Amino acid sequence: MIAVQKLIQDNNEKRNRLTEENEKYYDQLLVFIRSHLLLSERQSEEVLMEMLDHLLLAQCEGKTAKEVFGTNPKAYAQEIVDALPKEKKNSIWKFGIELLGNLLGFFITTSALGKLFIKQDTMYLYSVLILLGTVIIGGIAMIFLILYVLKKSAFEDSNTKGIWKVTFGFVIFIGVIIGVLSLSKELGPTFSITWYTQLGIGCMLLLLSYMMKRHRIVTT
């Protein structure tokens with residue numbers, strides 16, 4: 001069984017053989033299908049590879065993607081998405097933990113580097129929990145926003161609107177974090193943690209997330 005990562009690499013190489021017109025059409029299908037996070041990753045990539053191989057053969061015969069898949073790529077892509085099975089719940093949970101580790105690891109590591117300059121080791125338990133909860137919820141919301149924008153803009157000629165939506169969402173996300181930091185100061189019992197201990201925790205979470213990703217790539 002070919003690993004998903006190998007399928008993706010082969011797909012990237014084979015797409016270079018497409019004409020500009022066919023590549024544009026195929027990329028729309030690819031972005032739309034891959035933006036459905038809950039679909040089986042393996043079967044999605046297998047279907048995309050079958051479509052690409054079929055299109056390359058047809059291209060050699062002088063046919064275009066529209067002649068092969070139809071003039072309505074969005075409707076065709078939706079049919080494929082509807083037919084593909086969902087990812088296993090166990091895999092979705094593992095992927096969620098991987099993303100969570102990456103998100104928290106990045107945030108904690110960045111915060112630790114900030115503490116290096118302000119020299120403040122005292123923290124407040126409830127304030128920390130509220131902030132971490134905000135980061136997790138906001139991070140998940142940003143992921144779903146990006147996937148939503150990818151689905152909506154996959155078949156549009158310009159993705160400017162999508163970029164503005166994601167930028168606006170990110171600005172709100174940062175604004176909420178700043179607001180929570182301001183409103184939830186000094187809540188709960190105190191504890192001390194040095195910047196290098198915090199840095200170590202953040203790096204461990206990033207390492208854990210990386211190891212889970214490597215395991216997922218090898219075993220999927």
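**View 1. Phe-32, a buried residue of the predicted model**. The relative accessible area of Phe-32 is 4%, so the residue counts as buried (under 20% relative accessible area; exposed is over 50% and partly exposed lies in between, with a 1.4 Å probe and protein chains only). This is a predicted model, in which local features need pLDDT of at least 70 and side-chain atom pairs count only at pLDDT 80 or more, while totals for chains, interfaces and linings use all residues. Residues are numbered from 1 along each chain as its sequence is written, and side-chain values use heavy atoms, with hydrogens and water left out.

**View 2. The ring pair of Tyr-25 and Phe-69**. The structure holds four aromatic pairs (rings of Phe, Tyr and Trp, the last by its six-membered ring, with centres within 6.5 Å; planes under 30 degrees apart are stacked, over 60 edge-to-face and the rest tilted). Tyr-25 and Phe-69 are stacked because their ring centres lie 6.1 Å apart with the planes at 25°. Tyr-25 sits in helix H2 (residues 20-34) and Phe-69 in helix H4 (residues 65-69), so that the pair links parts of the chain 44 residues apart (helices are DSSP runs of H or I with at least four residues, strands are E runs of at least two, and both are numbered from the N terminus). Tyr-25 is buried at 5% relative accessibility, and Phe-69 is buried at 10%. Ring pairs join Tyr-25, Phe-69 and Tyr-76 into a cluster.

**View 3. The ring pair of Phe-32 and Phe-155**. The two rings form a tilted pair, 5.4 Å centre to centre with 50° between the planes. Phe-32 belongs to helix H2, whereas Phe-155 lies in the loop between helix H7 (125-153) and helix H8 (160-183), 123 residues away. Phe-155 is buried, with a relative accessible area of 18%.

**View 4. The protein chain around these sites**. Nine helices and two strands make up the secondary structure of the protein chain. The radius of gyration is 22 Å, well over the 17 Å from the globule rule for 220 residues, so the protein chain is more spread out than a compact globule (radius over C-alpha atoms; the rule is 2.2 Å times the number of residues to the power 0.38). The C-alpha atoms fill a box of roughly 70 × 40 × 30 Å along the principal axes. Of the 220 residues, 32% count as buried.
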